[in-house]
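This report takes up an annotated region, a pocket and a pair of packed helices in turn.

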Amino acid sequence: MRENDVVLKTVTKIVVFILLTFGFYLFFAGHNNPGGGFIGGLIFSSAFILMFLAFDVNEVLESLPIDFKKLMIIGSFISILTAVVPIFFGKSFLYQSEAHIPLPIFGELHLTTVTLFEGGVLLTVVGVIVTVMLSLSGGNS
């Protein structure tokens with residue numbers, strides 16, 4: 001092990017945490033502000049790619065219980081479902097439903113189907129980007 005590897009691995013652990021936190025923020029802020037599933041997915045993907053660069057690809061894939069190809073399919077399925085299901089209830093394509101749920105300590109929680117759609121986009125982007133990067137690098141995807 002070289003000296004630079006220790007520094008890279010230590011910094012990677014901190015930066016991955018920051019990237020994942022920022023990705024969550026961008027995902028949830030995307031409903032009312034710039035951000036959303038696509039940008040959040042790119043930030044999440046960059047965290048995974050940084051882990052692959054700093055650590056052994058096979059070790060990271062063994063420690064993560066994620067199949068990125070399945071993640072891509074599940075994300076696409078979620079996005080398609082949230083877009084198409086309203087048609088069966090007499091609404092337009094991509095119709096948005098929302099709910100306000102009162103919580104005792106936190107106040108009111110605002111939920112929309114847009115969040116589900118953006119979640120599907122996030123999962124699809126992460127699955128596609130990481131699968132492509134693993135395929136280009138010759139790693140096991």
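Over residues 7-131 the chain is 67% helix and 10% strand, and the end C-alpha atoms lie 27 Å apart; helices (H or I, at least four residues) and strands (E, at least two) are DSSP runs, numbered from the N terminus. The model is predicted, with local features needing pLDDT of at least 70 and side-chain atom pairs pLDDT 80 or more, while totals for chains, interfaces and linings use all residues. Residues are numbered from 1 along each chain as its sequence is written, and side-chain values use heavy atoms, without hydrogens and water. In an unreviewed UniProt entry, residues 7-131 carry the annotation "domain: Na+/H+ antiporter MnhB subunit-related protein", and such annotations may be inferred rather than shown by experiment.

The largest pocket has a volume of about 240 Å³; a pocket is an open set of points on a 1 Å grid, where a 1.4 Å probe fits, with protein on both sides within 12 Å along at least five of seven lines, and lining residues have an atom within 4 Å of a point. Of its 13 lining residues, F28, H31, H110, T112 and T115 are the closest to the centre, and the elements giving two or more residues to the lining are α1 (3-29), β2 (107-112) and α5 (113-137).

Helix α4 (residues 68-84) packs with α5 at an angle of about 155 degrees, their axes 7 Å apart, and the two helices are therefore roughly antiparallel (over 145 degrees).

Key:
Points joined across faces, edges and corners; volume = space filled by probe spheres on them. Axes fitted to C-alpha atoms, helices over the stretch in contact; angles between N-to-C directions. Parallel < 35°, antiparallel > 145°, perpendicular 65-115°, else oblique.
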